[in-house]
Amino acid sequence: MSKGIITALRFTSLRLRLVVVFALVALTAAVSASGIAYWLNREAVLKRTQDAALNDFRQEMQNRAATLPLRPTQEELRRTAEQMAGGSAGYSVLLIGERAAGKPIVGASDPDRFTLADVPLSLRTAASTERAVTDANPYRYHLVWQRTQRGSTPYLVGGTKIDGGGPTGYMFKSLAAEKADLNSLSWSLGIATGLAVIGSVLLAQVAATTVLRPVHRLGEAARQLGEGKLDTRLRVSGADELADLSRTFNSAAESLQKKVADMSAREEASRRFVADMSHELRTPLTALTAVTEVLEDEQDGLDPMIAPAVALVVSETRRLNDLVENLMEVTRFDAGTARLVLDDVDIADQITACIDARAWLDAVDLDAERGIVARLDPRRLDVILANLIGNALKHGGSPVRVSVRTEGTEAGSDSGEELVISVRDHGPGIPVEVLPHVFDRFYKASASRPRSDGSGLGLSIAMENALIHGGSITAANSTDAEGRVDGAVFVLRLPRGEVEES
């Protein structure tokens with residue numbers, strides 16, 4: 001089954017819900033109508049057959065059974081029963097008389113088909129019960145009837161007694177033909193119900209298609225808008241609610257496009273301003289750096305009153321130089337002009353060189369095997385390591401432990417491996433509220449100490465350099481055996497890449 005069909009048949013889809021609702025409504029209506037029609041027809045068919053048979057039986061009892069002598073013989077009863085059953089009504093007859101007081105005799109039209117055992121006891125009692133004659137009841141004995149079942153065939157059983165001591169008669173009529181007619185009717189009603197449900201499903205599909213086509217177009221347009229195609233618009237036709245929705249969407253998309261264009265223009269202007277400012281600052285900074293280097297060399301021979309000011313100028317000039325370099329690096333990332341210069345790098349040698357260049361050998365413990373080579377940009381890896389290790393030394397304190405490992409090895413290839421470098425300190429850790437923001441630009445953990453030796457861009461630049469490699473950096477707190485925070489740990493993950501063979 002294709003993905004499109006699966007999507008169309010999801011229970012959460014509006015189309016399926018419309019079809020189900022239509023089908024349930026049609027099924028309820030059809031079943032209710034069919035049930036009522038079946039019940040009315042059943043009662044009509046059974047009542048018609050029942051009334052015809054009972055009226056004929058009553059007439060036969062009056063015309064034939066009432067003419068029998070008070071003490072008939074069994075032969076007379078049998079012959080009369082056969083005569084009564086020989087009509088067009090198609091029922092069997094059983095007559096019960098007395099050849100003497102308390103000595104009943106039975107005459108049956110068909111003893112193999114109908115005997116006294118087939119007459120329910122309650123009906124026999126009711127048929128033989130004598131009632132008081134009143135103005136409202138002129139007859140001592142009533143004709144009573146009951147529907148019964150023998151096997152799978154329904155039967156109508158009726159009985160009454162002749163006034164003045166005549167015989168008691170019972171009739172037994174099969175309702176198999178009526179049952180067959182009612183079964184045919186039920187099948188017809190079932191087929192009609194099924195056709196009604198199928199018709200309602202088809203109608204629901206048409207209705208759903210009519211309603212959902214513009215909704216689908218709206219969803220597709222919203223998806224394109226979310227992908228950045230801000231010029232997406234809907235064709236508006238008609239004057240219904242869906243047309244109003246399309247107009248609203250177009251209006252919102254146009255407004256969003258204008259706002260995004262304005263924001264992009266402002267962002268571009270801001271980025272250009274930062275780039276231009278950083279570039280313009282480099283020339284005077286170069287001159288300042290040269291002057292500060294001379295002042296630093298002559299610092300020992302300066303007046304003690306002037307020396308602290310000179311030291312401050314030197315440190316702040318270096319800080320400003322680092323800030324300008326970082327701003328230019330951030331500008332290149334924002335403009336999308338940052339590029340990788342890949343080379344095969346021995347990770348242990350690269351980390352050692354980074355630490356040695358910054359005189360951190362005594363404060364950093366390196367755990368890295370020789371021979372782990374990855375295809376990376378050495379300069380950008382050095383920037384990442386310098387920022388992570390420098391941050392650990394500044395905020396966490398030594399000893400800082402740097403460990404290197406590889407994960408996700410594929411047999412016979414280094415391309416599937418991932419290089420994992422973790423930098424762990426033993427300081428107070430990172431506050432929980434600060435963790436989500438450690439890689440934000442210019443973020444300072446303490447608002448009361450906005451000024452520090454850093455620019456607030458180091459970790460952000462480290463993250464950008466990791467991302468341009470296709471990797472990532474995560475920050476967390478490590479804990480000791482008792483669950484107490486025991487420093488922070490930064491984990492750098494980079495794809496190892498295809499290492500070229502020499």
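Colleague: How many bridges join strand β9 to strand β10, and in which sense do they run?

Modeller: First, the ground rules. This is a predicted model, where local features need pLDDT of at least 70, side-chain atom pairs count only at pLDDT 80 or more, and totals for chains, interfaces and linings use all residues. Residues are numbered from 1 along each chain as its sequence is written, and side-chain values use heavy atoms, with hydrogens and water left out.

Modeller: Now the idea. Helices (H or I, at least four residues) and strands (E, at least two) are DSSP runs, numbered from the N terminus. Two strands pair if DSSP finds at least two bridges between them. Here, β9 (residues 400–407) and β10 (residues 418–424) run antiparallel and are joined by seven bridges. Arg 401 faces Arg 424 of β10 across that pairing.

Colleague: Which sheet has mixed pairing, and what is its strand order?

Modeller: The mixed sheet is open, has five strands and goes β7-β9-β10-β12-β11. Its edges are β7 (364–367) and β11 (472–479), each pairing on one side only. Its twist averages 20 degrees from one strand to the next. Such angles run from 0 to 180 degrees between N-to-C directions, with axes fitted as lines to C-alpha atoms, for helices over the stretch in contact.

Colleague: Which strands does α9 lie across?

Modeller: Contact means heavy atoms within 4.5 Å. Helix α9 lies across β7, β9, β10, β11 and β12 (485–495), at about 175 degrees to β12.

Colleague: At what angle do α8 and α9 pack?

Modeller: Helix α8 (residues 347–357) packs against α9 (residues 378–395) at about 55 degrees, with the axes 10 Å apart. That makes α8 oblique to α9. The scale is this: under 35 degrees is roughly parallel, over 145 roughly antiparallel, 65 to 115 roughly perpendicular, and the rest oblique.

Colleague: What is the order of the antiparallel sheet?

Modeller: That open sheet of five strands reads β2-β1-β5-β4-β3. Its edge strands, β2 (103–108) and β3 (144–150), each pair on one side only. β1 (residues 92–100) meets β5 over five antiparallel bridges, and Leu 95 is opposite Gly 169 of β5.

Colleague: Why is β5 largely enclosed by the rest of the structure?

Modeller: In a regular strand the side chains alternate between the two faces of the sheet. Buried means under 20% relative accessible area, exposed over 50%, partly exposed in between (1.4 Å probe, protein chains only). Strand β5 (residues 168–174) is largely enclosed because seven of its seven residues are buried. One side holds Thr 168, Tyr 170, Phe 172 and Ser 174, and the other Gly 169, Met 171 and Lys 173.
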